[in-house]
Amino acid sequence: MTVVEVPSSAHRTQTWLGGRFRLDERIGLDDQVSGPCGSSWEARGFSLWKATDQLLSRPVTIYLLPRGPVPRAVTDAVQAAAKVSDPRLATIYDTDFDEQYPYIVTEWTPGTHLEDLVLSGLPHPALAAAMIADAADAIAVAHRAGRPHLRLTPRSMRWDNASGLKITGLGLDAALCGPGADDPVAADTTALARMLYALLTGYWPGDEATALPPAPRHKGNVCTPRQIRAGVPAMLDAIAYRGLQGQAADAPLRPQTPAGMAMALRMVQRPSYRLERLESEPVTQPGGQQRPGRHARARSGFRLRTTLLRPAA
């Protein structure tokens, strides 16, 4: 594999990988959480880049790995993830495991990280439920294909108003960052519940370092979403809170799974013109000015809006 540095100005050179991928922007240098492994990401010799695939004229994400042999866990994770097909999971495009400059090329995912989305303002609870239902559906697809994620964090999920949800790092982030979880199903389900909790409350209930404030606690226990934010439906409160313990909302003695969480979230949703109007149409402000609706959800080829039904008696 060849790495070429080409002068592009008096103060900058362009770096090319394999004669095809131009490194444009290093990701994570100014972030509180610098990579999938947190603050130790760059110290471990990794770096993450936004790049351009000149052959296909599209943006891509590149994982630059430390020089030397690529661990078997990483190559196995790449091969397994490449076999999982779901539009909500970032695709692996290419690899080069040359010992001098090993790298992995994946789909570039536009949009906003979950933690940045939360910091900009909480979405409607119905939209939060729809987002995590989509995420849980996608993770369930990966589990059925034998490839759990194992390192879901607020920065591995992005939301874009035009294209919807995208999850990055399937299996790969865990392989790069160290040993995975003993129970993959429990690990991914708990992570999904944590992200639902964050979208509902604005707080992070896990121990990982994030830009979100830690969830309030009472007598050592994380407060429920309804104790923090008024208006959270009781069923969503139960799904999020019990999911943190790995329990199904309707049967605490039964373990929760990504597929089970997706089903539970879908059961408290229905199509609603009212929410579509609230979330996607411009909002008229005093003086006649309009501002776009926030967190509008649109998908290529179809549009879906959801709101919540009251739980059945």
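The structure is a predicted model, in which local features need pLDDT of at least 70, side-chain atom pairs count only at pLDDT 80 or more, and totals for chains, interfaces and linings use all residues. Residues are numbered from 1 along each chain as its sequence is written, and side-chain values use heavy atoms, with hydrogens and water left out. The protein has nine helices and 16 strands; helices (H or I, at least four residues) and strands (E, at least two) are DSSP runs numbered from the N terminus.

**Overall make-up**

- Of the 313 residues, 49% count as buried, where buried means under 20% relative accessible area, exposed over 50% and partly exposed in between (1.4 Å probe, protein chains only).
- Among contacts with a separation of 6 or more, 63% are between residues 24 or more positions apart; contact means heavy atoms within 4.5 Å.

**Helix H1**

- Val74, Thr75, Ala77, Val78 and Ala81 are the buried residues of helix H1 (residues 72-82).
- Viewed down the axis of H1, these buried residues fall within an arc of 160 degrees, so they line one face of the helix; the arc is that of the directions from the helix axis to the C-beta atoms.
- The face turned away from the buried side of H1 carries the exposed residues Arg72 and Gln79.
- Strand E6 (92-96), strand E7 (103-107) and helix H4 (172-177) are the elements against which the buried residues of H1 pack.

**Helix H5 with helix H3**

- Helix H3 (residues 125-144) and H5 pack at about 165 degrees with their axes 9 Å apart; axes are lines fitted to C-alpha atoms, for helices over the stretch in contact, and angles run from 0 to 180 degrees between N-to-C directions.
- H3 and H5 are therefore roughly antiparallel (angles under 35 degrees count as roughly parallel, over 145 as roughly antiparallel, 65 to 115 as roughly perpendicular and the rest as oblique).
- The crossing of H3 and H5 is right-handed; a crossing is left-handed if the near helix is turned anticlockwise from the far one by less than a right angle, and right-handed if clockwise.
- Residues of H3 in this contact include Met131, Ile132 and Ile139, and those of H5 include Leu192, Met195 and Leu199.
- By class, the contact of H3 with H5 has 15 nonpolar, one polar and one charged residues (Ala, Val, Leu, Ile, Met, Phe, Trp, Tyr, Cys and Pro count as nonpolar, Asp, Glu, Lys and Arg as charged, and the others, Gly among them, as polar).

**Helix H5 with helix H7**

- The axes of H5 (residues 184-201) and H7 (residues 234-244) come within 8 Å and cross at roughly 135 degrees.
- That angle makes H5 oblique to H7, and H5 passes H7 in a left-handed crossing.
- The contact of H5 with H7 has eight nonpolar, three polar and one charged residues.

**Loop residues**

- Thr168 lies in the loop between strand E10 (164-167) and H4 and counts as buried at 15% relative accessibility.
- Beyond its neighbours within four places in sequence, Thr168 is in contact with Ala90, Thr109, His149, Arg155, Ser156 and Asp173.
- Pro252, in the loop between H7 and helix H8 (258-267), counts as partly exposed at 36% relative accessibility.
- Ala209, in the loop between H5 and strand E11 (217-218), is exposed, with a relative accessible area of 62%.
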